[in-house]
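Work through the following exercises with the sequence and the coordinates side by side. Try each task before reading its solution.

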Amino acid sequence: MSRLDPSAIQVVAWDFDGVLNRNIENGVFAWSRHFERDLGLCVRSFSAHLFGGRFQKAMVGEACLIDIVTEWTELNGAQGRTHEILDYWFRTDALPDPGALAIAGALKSRGVLNVMATNNEAQRTNFIETEMGFTAHVERIFAAGRMKLAKPDTAYFAHIEDELQADPATILLVDDMHENILAARGRGWQAFHFTEGSHAVLAEALGVHTDLADAKQP
């Protein structure tokens with residue numbers, strides 16, 4: 001891991017899923033664990049339809065997630081259940097990480113700007129912003145669905161630099177995907193590869209102390 005320079009950091013760009021939101025365990029998303037039990041629908045069929053290229057288009061604003069899910073419901077005898085499925089997905093996956101948020105709060109008190117840098121599409125981004133209330137934790141939400149750009153495309157990082165009028169060396173990306181870390185570093189950003197339970201390591205690297213960040217994460 002490259003050593004961070006906390007004194008140079010003016011902006012922290014936080015990834016959402018797996019970082020600010022603790023919804024991934026051993027590579028499995030929370031929404032998929034009991035999808036069949038709770039909804040009576042086949043999670044393998046749904047995942048294959050969604051993630052066989054369709055979601056990737058929605059992620060960058062080239063398709064609508066509602067339309068994609070509706071298409072699956074009509075093919076699988078679940079007509080009229082689109083919004084039920086999306087609501088279940090979004091709410092089951094809504095698991096804010098108190099440790100990561102504590103670090104963000106400590107940084108904010110130090111004058112550091114916290115923003116979200118996520119590959120979420122527009123529908124879930126709206127849920128994160130409004131229903132989950134993340135505007136209370138970050139100053140800006142940079143989402144692939146709104147930007148029509150996704151990590152690790154270097155243009156994604158350039159867009160954030162331009163919007164914030166920030167020098168790349170003053171921005172830190174905290175992300176759980178190694179390819180995004182490499183892309184950010186390629187732009188001259190600082191970067192921290194976040195893994196499950198690495199809150200204390202991140203806090204130490206940034207020179208901040210919070211009880212939640214230092215506590216053992218489940």
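The model is a predicted one, in which local features need pLDDT of at least 70 and side-chain atom pairs count only at pLDDT 80 or more, while totals for chains, interfaces and linings use all residues. Residues are numbered from 1 along each chain as its sequence is written, and side-chain values use heavy atoms, with hydrogens and water left out.

**Exercise 1.** Locate the salt bridge partner of R124 and describe where the two residues lie.

*Solution.* Begin with the criterion: a salt bridge is a side-chain nitrogen of Lys or Arg within 4 Å of a carboxyl oxygen of Asp or Glu. The structure holds 13 salt bridges by this criterion, and in one of them R124 is joined to D17, with the closest N and O atoms 2.8 Å apart. This pair links distant parts of the chain, since R124 belongs to helix α8 (residues 122-130) and D17 to the loop between β1 (11-14) and β2 (24-25), 107 residues apart. Helices (H or I, at least four residues) and strands (E, at least two) are here DSSP runs, numbered from the N terminus. Finally, R124 and D17 are both buried, where buried means under 20% relative accessible area, exposed over 50% and partly exposed in between, with a 1.4 Å probe and protein chains only.

**Exercise 2.** Compare the surroundings of the salt bridges R146 to E129 and D175 to K151.

*Solution.* First take R146 and E129, whose closest N and O atoms are 2.8 Å apart. Because R146 lies in helix α9 (residues 144-147) and E129 in helix α8, the pair ties together parts that are 17 residues apart in sequence. R146 is partly exposed at 37% relative accessibility, and E129 is likewise partly exposed at 24%.

Next take D175 and K151, for which the closest N and O atoms are 2.7 Å apart. D175 sits in strand β6 (residues 171-175) and K151 in the loop between α9 and α10 (154-164), 24 residues apart. D175 counts as buried because its relative accessibility is 0%, and K151 is buried at 5%. The pair also belongs to a network of salt bridges that links D15, K151 and D175.

**Exercise 3.** Which residues of helix α5 are buried, and what do they pack against?

*Solution.* In helix α5 (residues 65-75), the buried residues are L65, I68, V69, W72 and T73. Seen down the axis, these fall within an arc of 135°, so they line one face of the helix; the arc is that of the directions from the helix axis to the C-beta atoms. The face turned away from this buried side carries the exposed residues D67, E74 and L75. The buried residues pack against α3 (43-50), α4 (54-59), α6 (82-92) and α8, contact meaning heavy atoms within 4.5 Å. Just after α5, G77 takes a positive phi of about 65°.

**Exercise 4.** Describe how strand β6 is covered and which strands it pairs with.

*Solution.* Both faces of β6 are covered, with I171, L173 and D175 buried on one side and L172 and V174 on the other. Two strands pair if DSSP finds at least two bridges between them. β1 and β6 pair in the parallel sense over 4 bridges, with V12 opposite L172. Another 4 bridges join β6 to the parallel strand β7 (residues 190-193), where H193 is the bridge partner of D175.
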